[in-house]
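Let us walk through a protein structure together, one piece at a time. Keep the picture open beside you and follow along as we go.

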Amino acid sequence: MDDNHSGSCLCGAVRFRTKGPLRGVIYCHCSQCRKQSGHFYAATNVADADIVIEGMENLTWYEASDFAKRGFCKTCGSVLFWKPKGDAYISVMAGSFEEPSGLQGECHIFVGDKGDYYSIEDGLPQFEKSAPSIKVAGG
Ligand SMILES: [Zn+2]
Ligand SMILES: [Zn+2]
């Protein structure tokens, strides 16, 4: 099984390649993720050293908090990345990967902030805020 993956935004102006195993997908229901994406985040992550991003000049970073910034394509608006300050990893949206992605759901976080128009019924663990053990791929 090949552990290399690639992906892009909708228009293709931003592309990326990752190497090594990816973390399970974490669904974030916080209000920032819901506002920015229009629903909720579904993201894996990868160490900074294990991702190559092409078309960086087409990315816009929005600093929604002191803690992290959110990267999206300035042409098509696709949400691609979530980057915490001071940590050597980057979260990558599950929907941006080419298939087969090999990704699997892991848990839901910030369910205390979830939208009032849907329910979570996939049986995965749910956390009111952050999960106790969010890990970095390969770490
Ligand atoms: Zn794009
Ligand atoms: Zn969130």
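Predicted model: local features only at pLDDT ≥ 70, side-chain atom pairs only at ≥ 80, totals over all residues.

Strand 6 and strand 7 run antiparallel and are joined by 4 bridges.

Residues are numbered from 1 along each chain as its sequence is written, chains are lettered from A and ligands numbered from 1 in the order in which they are written, and side-chain values use heavy atoms, with hydrogens and water left out.

Now follow the chain onward. Strand 7 also pairs with strand 8 (residues 79-84), in the antiparallel sense and over 5 bridges. Here Phe-72 has Val-79 in strand 8 as its bridge partner. Strand 7 and strand 8 form a hairpin too, again with 5 residues between them, and Gly-77 in the turn has a positive phi of about 85°.

An open sheet is formed by 7 strands in the order 6-7-8-9-4-3-10, with mixed pairing. Strand 6 (59-62) and strand 10 (105-109) stand at the edges with a single partner strand each, so one side of each has no neighbour in the sheet. On average, neighbouring strands of this sheet are turned by 30° against each other, direction ignored; the axes behind such angles are lines fitted to C-alpha atoms, for helices over the stretch in contact, and angles run from 0 to 180 degrees between N-to-C directions.

Let us look at strand 3 in this sheet. Strand 3 and strand 10 run parallel, joined by 4 bridges. Tyr-27 has His-108 as its bridge partner in strand 10, and Cys-28 has Ile-109. With strand 4, strand 3 pairs in the antiparallel sense over 3 bridges, and there Tyr-27 stands opposite Ala-42. In a regular strand, side chains alternate between the two faces of the sheet. In strand 3, Val-25 and Tyr-27 point one way, Ile-26 and Cys-28 point the other way, and all are buried.

Cys-28 leads us to the metal. Which residues coordinate the zinc ion (ligand 2)? They are Cys-28, Cys-30 and Cys-33, each through its SG atom, at 2.1 to 2.3 Å. Donors are N, O and S atoms within 2.8 Å of the metal (3.2 Å for Na, K and Ca), and water is not among the atoms, so sites may look incomplete. Along the chain, the donors of this zinc ion follow the spacing C-x1-C-x2-C. Cys-28 and Cys-30 are both buried.

Cys-28 also turns up at the largest pocket. The lining of the largest pocket has 21 residues, and those nearest its centre are Cys-28, Phe-67, Trp-82, Ile-109 and Phe-110. Strand 3 (25-28), helix 1 (31-37), strand 4 (41-47), strand 7 (68-73) and strand 9 (89-93) are the elements that give two or more residues to this lining. Strand 4 gives the most, with 3 residues.

Finally, a second open sheet has 3 strands in the order 1-2-5, with antiparallel pairing. Strand 1 (5-8) and strand 5 (51-54) stand at its edges, each with a single partner strand, so one side of each is left without a neighbour. The twist here averages 15° from one strand to the next. Strand 2 (residues 15-18) pairs with strand 5 over 4 bridges in the antiparallel sense, and Arg-17 has Val-52 as its bridge partner in strand 5.

How values were computed: Buried < 20%, exposed > 50% of the residue type's maximum accessible area, 1.4 Å probe, protein only. 1 Å grid on protein atoms, 1.4 Å probe; cavity = no way out; pocket = protein on both sides within 12 Å on 5 of 7 lines; lining within 4 Å. Pairing = 2+ DSSP bridges.
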